[in-house]
Amino acid sequence: MKNFADYLKKKREEKNLSMNKLGELSGVSAMYISHLESGKRDRPSPEIIERLAKGLDEPYENLMSAAGYIDASDFIKIKNEKNRQGDIELSLAEQEQEPFALDFLLESNHPIFFQDRLLTKEEKEKIKSLIEIFLRD
């Protein structure tokens with residue numbers, strides 16, 4: 001795939017979804033989807049990508065990689081880490097229902113974004129420290 005526009009269109013068509021239907025499933029307007037696919041809009045924010053991933057029932061990381069937020073080598077590391085841990089990929093709907101430990105998320109190699117910016121390992125450690133201070137009895 002050359003870019004996010006091509007990737008999004010291919011995945012939507014593979015699922016036999018119209019732009020309107022993907023809009024309903026994701027909560028992203030069909031007009032915005034049209035602008036993404038036609039290249040009139042640059043890459044969307046990670047939040048929009050998450051909603052599109054949910055609507056497409058595609059792994060979030062796949063769309064993040066296609067949009068250029070995760071480079072190819074990081075993407076491969078993420079996939080390999082999941083395979084090493086024996087994780088079963090859950091659909092986004094299932095993930096939303098599964099509880100998770102915040103400390104595990106902050107300690108993992110999983111990419112975490114805040115305001116459209118990928119957090120560094122050091123920033124994740126600072127956040128964890130602040131949470132620990134805040135939650136002390």
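Helices are taken here as DSSP runs of at least four residues, numbered from the N terminus, and they are described for a predicted model. In this scheme Ser-26 belongs to helix H2, which spans residues 19-26. The relative accessible area of Ser-26 is 9%, and this residue is therefore classed as buried, the cut-off being under 20%. A polar atom of the Ser-26 side chain lies 2.7 Å from the backbone oxygen of Leu-22. When residues up to four places away in sequence are left out of the count, Ser-26 touches Ile-33, Arg-51, Leu-52 and Gly-55.

Ile-33 also takes part in the packing of two helices, H1 and H3. Helix H1 (residues 4-14) and helix H3 (residues 30-38) have axes 7 Å apart and pack at an angle of about 125°, and the two helices are therefore oblique to each other. On the side of H1 the contact is formed by Phe-4, Ala-5, Leu-8, Lys-9 and Arg-12, and on the side of H3 by Ile-33, Leu-36 and Glu-37. Sorted by class, the contact comprises five nonpolar and three charged residues, with no polar ones.

One aromatic pair is found in a search of the whole structure. This pair is formed by Tyr-69 and Phe-113 in an edge-to-face arrangement, with 5.6 Å from centre to centre and 80° between the planes. Because Tyr-69 lies in the loop between helix H5 (60-66) and helix H6 (72-85), whereas Phe-113 lies in strand S1 (residues 113-114), the pair ties together parts that are 44 residues apart in sequence. Both Tyr-69 and Phe-113 are buried.

Terms used: Residues numbered from 1 in each chain as written. Predicted model: local features only at pLDDT ≥ 70, side-chain atom pairs only at ≥ 80, totals over all residues. Heavy atoms only, no water. Buried < 20%, exposed > 50% of the residue type's maximum accessible area, 1.4 Å probe, protein only. Polar contact = N/O pair within 3.5 Å; in protein donor to acceptor, adjacent residues only side chain to side chain. Contact = heavy atoms within 4.5 Å. Axes fitted to C-alpha atoms, helices over the stretch in contact; angles between N-to-C directions. Parallel < 35°, antiparallel > 145°, perpendicular 65-115°, else oblique. Nonpolar A, V, L, I, M, F, W, Y, C, P; charged D, E, K, R; others polar. Phe/Tyr/Trp six-rings, centres within 6.5 Å; stacked < 30°, edge-to-face > 60°.
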